[in-house]
Amino acid sequence: MKFKNPIISGFYPDPSICRVEDDFYLVTSSFEYFPGVPIFHSTDLVNWKQIGHCLTTPKQLPLNETPSSCGIYAPTIRYHEGVFYMVTTNVLEGGNFYVTATDPAGPWSEPIWFEDSQGIDPSFFFDEDNKCYLTGTGGVHEKPGIYQVEIDVKTGKYVSERKLIWEGTGGVHPEGPHLYKIGEYYYLMISEGGTEYGHMLTISKSKHPYGPFEGYERNPILTHRSLNHPIQATGHADLVQHTDGSWWAVFLAFRPIGYPKKHHLGRETFLAPVTWTEDGWPIVGEMGVVGEEIEHESITSEQRFDWKEREDFDQSVLDHKWIYRRNPIEENYVLNEQEGSLSLLGSSATLRDTTTHTFVGRRQEHFNCEVSTLMRFDPQNAEEAGLTIFANENYHYEIGLRHVNGKTEVFFRKNVGSISVVEKSFDYEEDSVELRILADPEWYKFEIVSPNGEVVYLGSGECGLLATEVSGGFTGNVFGLYATGNGEKSQNEARFDWFTYKVNK
């Protein structure tokens, strides 16, 4: 049966996967967003449902004033003797740590931090003798390469000397390591070239967990570098064996648009079959190249893309798709399930600040889509609230209501680097407004709908100006509801009665 890539669309990078009997579990990076490390479940590798997050408390995930594209990097999920382990890095806020759970949906344990936290992209490997190895990159002042140490998995303490075990094939940024025991060999798989257009996956093997590791003479085993291909930056993969014995790789890649090429949905999660050479080397896809559509006999389920279009805010908690920027100030968010509304109270911070601002959103997962929300807001002083499409502090567009010169006005603003421009504004006297963003592969279009049904077009902004090639960083774009007092804590709540996300063909 055929399936389409990506299997998880939008800003879900650095996938890691494990299998427990007939079930598969997958985690991805989350960077400065909270809760952290979304976790998904599947029984067929192509249909995935998010079942929660691994990091749901400020103690597990301190973000404080974490800049964009810092926070949580490259988690690894593993299962051993009835326990799930998720190990990752919190950049700038403590380094490498892990949490555990017996139920992957949570709750997960308090974090266990490593005493000597160097490098990023930590990964666990449980050997047949129950020894646990921690594999990761070198630290800032260490020689680039992959380092490994044996740990006591109950305490996180090192029980051996940390050693450099492989430097890779010569590509820049050897990272994202995973160690496996397959047959008589230990395989060490890493990414090189940076998580950009030169990204590639390389492999080595040894009879011993510390090597010496022999690199495959035909590395890389996965790359789209230098190819005119709709999928780019393939790498940072993890291997899993299907229930029928076939092997598969999940990996990150992105889908650039236009010329020069830019990507704004972020790095997404893709899937490809793995074949083995006669001399025992894995190859991903068709000689290291992966298509948008793949047919394989091991895929026996029809791929579905179920989608909940409307959120009425009538549940006691938000859906797993909703995320905050950094640790939220809880009193600034009021979910009224009886009335069916979400109210936001603006903090003094704005969307351009690296301190915690009032923001809750969901990833853009499709090139062609439309989001809308009904907002009730009576701004005073310098207050504003609205709907934004957000890349990072310096790159975002928004529409909303604000208080200016004693009046309430509708506005449409673009923030591109150091430039912030209100492109259109006008006085508005109604007590509610519907805010809309319509997206296609190259443009975001902004409009409002007044209570009498009048549609007013406010303007448009290029998707490419919010793309990683322009804005930088490692995340994708997020549609967000926000509120701010622009330097002062707000006194008035912005109430959102519903939110819709429609996928357009």
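Predicted model: local features only at pLDDT ≥ 70, side-chain atom pairs only at ≥ 80, totals over all residues.
In sorting the residues that line a space, Ala, Val, Leu, Ile, Met, Phe, Trp, Tyr, Cys and Pro count as nonpolar, Asp, Glu, Lys and Arg as charged, and the others, Gly among them, as polar.

The lining consists of His-264, Ala-391, Asn-392, Leu-466, Thr-468, Ser-471, Gly-472, Thr-475, Gly-476 and Asn-477. Strand β31 (384–392) and helix α1 (468–471) are the elements that give two or more residues to this lining.

Rolling a probe the size of a water molecule over the atoms shows where empty space is left. In this model, 3 cavities of 30 Å³ or more are found. The largest cavity has a volume of about 90 Å³. Its lining is made of 13 residues, and those nearest the centre are Asn-96, Gln-118, Leu-134, Gly-136 and Arg-162. Strands β12 (132–137) and β13 (146–151) each supply at least two residues of this lining, with β12 giving the largest share, 4 residues. By class, 6 residues of the lining of the largest cavity are nonpolar, 5 are polar and 2 are charged.

The lining of the largest pocket holds 14 nonpolar, 10 polar and 15 charged residues.

Strand β5 (residues 36–42) runs antiparallel to β6 and is joined to it by 5 bridges. Within this pairing, His-41 has Lys-49 of β6 as its bridge partner.

Side chains of opposite charge can pair when their charged atoms come close. The structure holds 25 salt bridges. In one of them, the side chains of Lys-207 and Glu-184 meet at 3.4 Å, N to O. Lys-207 lies in the loop between β17 (200–206) and β18 (214–215), and Glu-184 in the loop between β15 (175–182) and β16 (185–192), so this pair ties together parts that are 23 residues apart in sequence. Lys-207 is partly exposed, with a relative accessible area of 43%.

Another salt bridge brings together Arg-413 and Glu-398, at 2.8 Å from N to O. Because Arg-413 lies in strand β33 (residues 407–416) and Glu-398 in strand β32 (residues 395–404), the pair ties together parts that are 15 residues apart in sequence. Arg-413 and Glu-398 are both buried. Asp-306 is exposed, with a relative accessible area of 63%, while Arg-304 is partly exposed at 48%.

Salt bridges also link Glu-32, Arg-325, Arg-326 and Glu-393 in a network. Within this group, Arg-326 is buried, with a relative accessible area of 0%. Its place is in the loop between β26 (323–325) and β27 (333–336).

Most residues other than glycine have a negative phi, and most peptide bonds are trans. Arg-326, although not a glycine, has a positive phi of about 70°. His-236 likewise has a positive phi, near 50°. This histidine is placed in strand β20 (residues 232–241) and is buried, with a relative accessible area of 5%.

Cis peptide bonds are found at two prolines. One joins Phe-34 and Pro-35, with omega about -5°, and Pro-35 has its place in the loop between β4 (33–34) and β5. Another joins Asn-219 and Pro-220, with omega about 5°; Pro-220 lies in the loop between β18 and β19 (222–223).

Key: Residues numbered from 1 in each chain as written. Heavy atoms only, no water. Pairing = 2+ DSSP bridges. Salt bridge = Lys/Arg side-chain N within 4 Å of Asp/Glu carboxyl O. Buried < 20%, exposed > 50% of the residue type's maximum accessible area, 1.4 Å probe, protein only. 1 Å grid on protein atoms, 1.4 Å probe; cavity = no way out; pocket = protein on both sides within 12 Å on 5 of 7 lines; lining within 4 Å. Points joined across faces, edges and corners; volume = space filled by probe spheres on them.
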